[in-house]
Amino acid sequence: MYKVFVNDVPIILSTEKKIGKQYTTIPLKLVKFKKLIEKINSGELRYINLYHKNEEKLEQFLLKKLPVVEAGGGMVFNSKKEILFIRRNKKWDLPKGKIEKGETHQEGAIRETEEETGVTGLEIRSFITKTYHVFKRNGKFKLKVTYWYKMYSDFDGDLVPQTKEGITKVRWKNFEKSQKALTESYENIKLLFPKEYLTTHPNDRVS
């Protein structure tokens, strides 16, 4: 199963014809993807399941329908088990950015994390997952595929937000503060976290 986010609304691509009563299931061969995106943006559709019995066909479909932009990002831990967050567009996010020509996904993820936060000495510990979201650039829809890595750094210097990229804050957050931050984050970012991070008291506020 894949989730492709359009303004935080997930398009589900699955091998199951029925995934819930609210969902409209469309066979992959009948999908007009750009029209589907427009209907989501207009609020006409919110629960969509694109179906094909062969799972390999699901990602192949995605990569053919829109121009693909590859990015790399990091969930960075320090020795206190805190996680590195950035603040951009009034949302808490994790550092990430476009892979440059000639870079591996890992190299791009490290470079972008360093540039956006000022943190150095990054070490990749493992691959987490890929996330997918649709965005519009110069009037055309594109698909961003982000490769996420779990990283570690013992950096204890000043955090420096990359303001030219619209980043206003960089913060190390412990478990509790990470929970709060995720209440003001993006749905595709939440996919990276274990379930216990996504349960928070309703009276908690994001600091």
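**Ground rules.** I'm working with a predicted model, where local features need pLDDT of at least 70, side-chain atom pairs count only at pLDDT 80 or more, and totals for chains, interfaces and linings use all residues. Residues are numbered from 1 along each chain as its sequence is written, and side-chain values use heavy atoms, with hydrogens and water left out.

**Domains.** I looked up how the chain is divided and got domain 1 (2-64) and domain 2 (68-199). These bounds come from an automatic or database domain assignment. I then checked the centres of the two domains, taken over C-alpha atoms, and they are 26 Å apart.

**Where they meet.** I found 13 residues of domain 1 in contact with 14 residues of domain 2, contact being heavy atoms within 4.5 Å. The two domains bury about 1,100 Å² between them, with 69% of it on carbon and sulfur atoms. Buried area here is the accessible area (1.4 Å probe) that two parts lose on being put together, summed over both. On the domain 1 side, Phe-5, Asp-8 and Leu-63 lose the most area to domain 2, together 44% of what that side buries.

**Charges across the gap.** I counted one salt bridge between domain 1 and domain 2; the rule is a side-chain nitrogen of Lys or Arg within 4 Å of a carboxyl oxygen of Asp or Glu. I also noted a salt bridge from Glu-59 to Lys-130, with the closest N and O atoms 2.9 Å apart.

**Which elements touch?** On the side of domain 1 that touches domain 2, the elements giving two or more residues are β1 (2-6), α1 (33-41) and α2 (55-65). Helices (H or I, at least four residues) and strands (E, at least two) are DSSP runs, numbered from the N terminus. β1 gives the most to that side, with five residues.

**Salt bridges overall.** The structure holds eleven salt bridges. One I looked up joins Arg-87 and Glu-184, with the closest N and O atoms 3.1 Å apart. Arg-87 lies in strand β6 (residues 83-88) and Glu-184 in the loop between α4 (175-182) and α5 (187-190), so this pair ties together parts that are 97 residues apart in sequence.

**Pro-10.** I found Pro-10 in strand β2 (residues 9-14). Leaving out residues up to four places away in sequence, Pro-10 touches Val-4, Phe-5, Arg-46 and Ile-48. I also checked Pro-10 against Gly-121: they are 111 residues apart in sequence and 35 Å apart in space, C-alpha to C-alpha.
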